[in-house]
Amino acid sequence: MEYLPNEVICKCKNVTLADIDRVLYQSARFTDVEKEFEELQRLTNCSTGCGGCHDKIMKIVSQAVSG
């Protein structure tokens with residue numbers, strides 16, 4: 001599934017796909033999905049509320065890491 005840049009992925013913390021992309025692509029190179037996910041949580045607080053967005057965010061991170 002494709003998301004629009006301004007689409008809210010994490011409703012609890014109001015984090016959009018653009019917010020996620022901004023954080024992910026600040027990294028010079030990706031190391032692993034879990035590490036990138038944790039960094040994303042630290043910087044945006046996404047997936048720290050109800051957790052309903054966890055799978056969506058993991059998919060986005062996985063796609064970014066795998067290129």
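A residue is called buried when its relative accessible area is under 20%, exposed when it is over 50%, and partly exposed in between (1.4 Å probe, protein chains only). By this rule Ser47, at 11% relative accessibility, counts as buried. The structure is a predicted model, in which local features need pLDDT of at least 70 and side-chain atom pairs count only at pLDDT 80 or more, while totals for chains, interfaces and linings use all residues. Residues are numbered from 1 along each chain as its sequence is written, and side-chain values use heavy atoms, with hydrogens and water left out.

Helices (H or I, at least four residues) and strands (E, at least two) are DSSP runs numbered from the N terminus. Ser47 is placed in the loop between H2 and H3. Its phi is positive, about 55 degrees, although Ser47 is not a glycine. A positive phi, near 55 degrees, is also found at Asn14, a residue other than glycine. Asn14 belongs to the loop between S1 and S2. At 52% relative accessibility, Asn14 counts as exposed.

Strand S2 contains Thr16. With a relative accessibility of 14%, Thr16 counts as buried. Contact is taken to mean heavy atoms within 4.5 Å. When residues up to four places away in sequence are not counted, Thr16 touches Pro5, Asn6, Glu7, Val8 and Ile9.

The helices are described next. In H1, the buried residues are Leu17, Ile20, Val23 and Leu24. These residues cover an arc of only 130 degrees around the axis, which puts them on the same side of H1. The arc is that of the directions from the helix axis to the C-beta atoms. An α-helix has 3.6 residues a turn, so residues three or four places apart point the same way. The buried residues of H1 pack against S1, S2, H2 and H3.

Helix H2 has 12 residues, and the distance from its first C-alpha to its last is 16 Å, close to the 16 Å expected at 1.5 Å a residue. The expected span of a helix is 1.5 Å times one less than its number of residues. Glu36, Phe37, Leu40, Gln41 and Thr44 are the buried residues of H2. Viewed down the axis of H2, they fall within an arc of 140 degrees, so they line one face of the helix. Strand S2 (15–16), H1 and H3 are the elements against which the buried residues of H2 pack. H2 is followed by Asn45, which has a positive phi near 65 degrees.

Helix H3 (residues 54–66) has 13 residues, which at 1.5 Å a residue should span 18 Å; its end C-alpha atoms are 18 Å apart, in agreement. Ile57, Met58, Ile60, Val61 and Ala64 are buried in H3. They cover an arc of only 160 degrees around the axis, which puts them on the same side of H3. Asp55 and Ser66, on the other side of H3, are exposed. The cover over the buried residues of H3 includes strand S1 (8–10), helix H1 (17–24) and helix H2 (33–44). For Ser66, the relative accessibility is 63%, which counts as exposed. After H3 comes Gly67, whose phi is positive, near 85 degrees.

Two packed helices are described by the angle between their axes and the distance between the axes. Axes are lines fitted to C-alpha atoms, for helices over the stretch in contact, and angles run from 0 to 180 degrees between N-to-C directions. Angles under 35 degrees count as roughly parallel, over 145 as roughly antiparallel, 65 to 115 as roughly perpendicular and the rest as oblique. A crossing is right-handed if the near helix is turned clockwise from the far one by less than a right angle, and left-handed if anticlockwise.

H1 and H2 pack at an angle of about 120 degrees, and their axes are 10 Å apart. The two helices are therefore oblique to each other. Their crossing is right-handed. Ile20, Val23 and Leu24 of H1 make the contact with Glu36, Leu40, Leu43 and Thr44 of H2.

Between H1 and H3 the packing angle is about 40 degrees, with the axes 11 Å apart. This makes H1 oblique to H3. H1 passes H3 in a right-handed crossing. The contact is made by Leu17, Ile20, Asp21 and Leu24 of H1 and by Ile57, Ile60, Val61 and Ala64 of H3.
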